[in-house]
Amino acid sequence: VYYGKDAIDPRCARYRGGSDDDWQELSSVELERGPDGFDRPRQHQALPEGFLWAEPSCQRFGMGGPRMAYGPLQKVCRTCGASFVFTAEEQKRWYEGYRLHTDVTAVHCARCRELRRAQRAYAQALEAARLEPQSAQRQLGVPLAALEVLRAGGRMALDKAFTHCRHAARLAERDEAQRLRDELRAYLASFRAAPEG
Ligand SMILES: [Zn+2]
């Protein structure tokens, strides 16, 4: 049974399911009001597989009210178009662990999220190397971060990574710089070996 966001039945636990606009009723679940004013499920009720109970007092929420339960959400990645599931466990971690606002939702698949994280770290490593040109560790940070981007499936120009390898080798870290240079070269070779497209 689907119904609109505004039609809130306090006797039913709700979760945002199917698509972003639908709320699906978990019809067998009854709630009772606790001393803190939040409704919670009565004891000993089972949720369908893949669902988790939510804890309203741990959430930051707006006019839509808190989440009572989390269920698997089918999503399409904004970047690569792959469909993925935003799981109940991830939602609980986002909204109750990291305390992100409950209006926030996942728009990228796990692979794209990983890649974006690696790209951000690479940009930070470049900045750190620029700020501390005499630090061998900072110089090594650039090829290290570039390798993380490559491992996450990203493609990028590697000239800066090689340049910072050379800086690090000149400053102190000759062996480590050589090792990273070899690893970067191996990636370049594998890209050349891969068929186009
Ligand atoms: Zn994606």
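# Zinc site and nonpolar cores

Cys77 has a relative accessibility of 3% and so counts as buried, the cut-off being under 20%. This is a predicted model. Cys77 is one of the residues that coordinate a zinc ion. Apart from the largest nonpolar core, which has 22 residues, there is another core, of 12 residues.

**Zinc site**
- The zinc ion is held by the SG atoms of Cys77, Cys80, Cys109 and Cys112, at 2.3 to 2.4 Å.
- The site is tetrahedral, and the angles among its 4 donor atoms run from 105 to 116°.
- For four tetrahedral donors the ideal angle is 109.5 degrees.
- Along the sequence, the donor residues follow the spacing C-x2-C-x28-C-x2-C.
- Cys77 sits in the loop between strand 8 (73-76) and strand 9 (83-86), and Cys109 in the loop between helix 1 (88-97) and helix 2 (110-131), so this pair ties together parts that are 32 residues apart in sequence.
- Cys109 is buried because its relative accessible area is 9%, and the limit is under 20%.

**Largest nonpolar core**
- Tyr122, Ala146, Leu158 and Leu184 have the most contacts inside the largest nonpolar core, which has 22 residues.
- Helix 2, helix 3 (136-151), helix 4 (159-171) and helix 5 (174-193) are the elements that each give two or more residues to this core.
- Helix 3 gives the most, with 7 residues.
- Leaving out residues up to four places away in sequence, Leu158 touches Ala146, Leu150, Leu184 and Leu188.

**Another core**

Methods
Residues are numbered from 1 along each chain as its sequence is written. This is a predicted model: local features need pLDDT of at least 70, side-chain atom pairs count only at pLDDT 80 or more; totals for chains, interfaces and linings use all residues. Side-chain values use heavy atoms; hydrogens and water are left out. Donors are N, O and S atoms within 2.8 Å of the metal (3.2 Å for Na, K and Ca); water is not among the atoms, so sites may look incomplete. Four donors count as tetrahedral if all angles lie between 85 and 135 degrees; four count as square planar and six as octahedral if opposite donors are over 155 degrees apart and all others between 65 and 115; anything else is irregular. Helices (H or I, at least four residues) and strands (E, at least two) are DSSP runs, numbered from the N terminus. Buried means under 20% relative accessible area, exposed over 50%, partly exposed in between (1.4 Å probe, protein chains only). A nonpolar core is a set of buried Ala, Val, Leu, Ile, Met, Phe, Trp, Tyr and Cys residues joined through side-chain atoms within 4.5 Å. Contact means heavy atoms within 4.5 Å.
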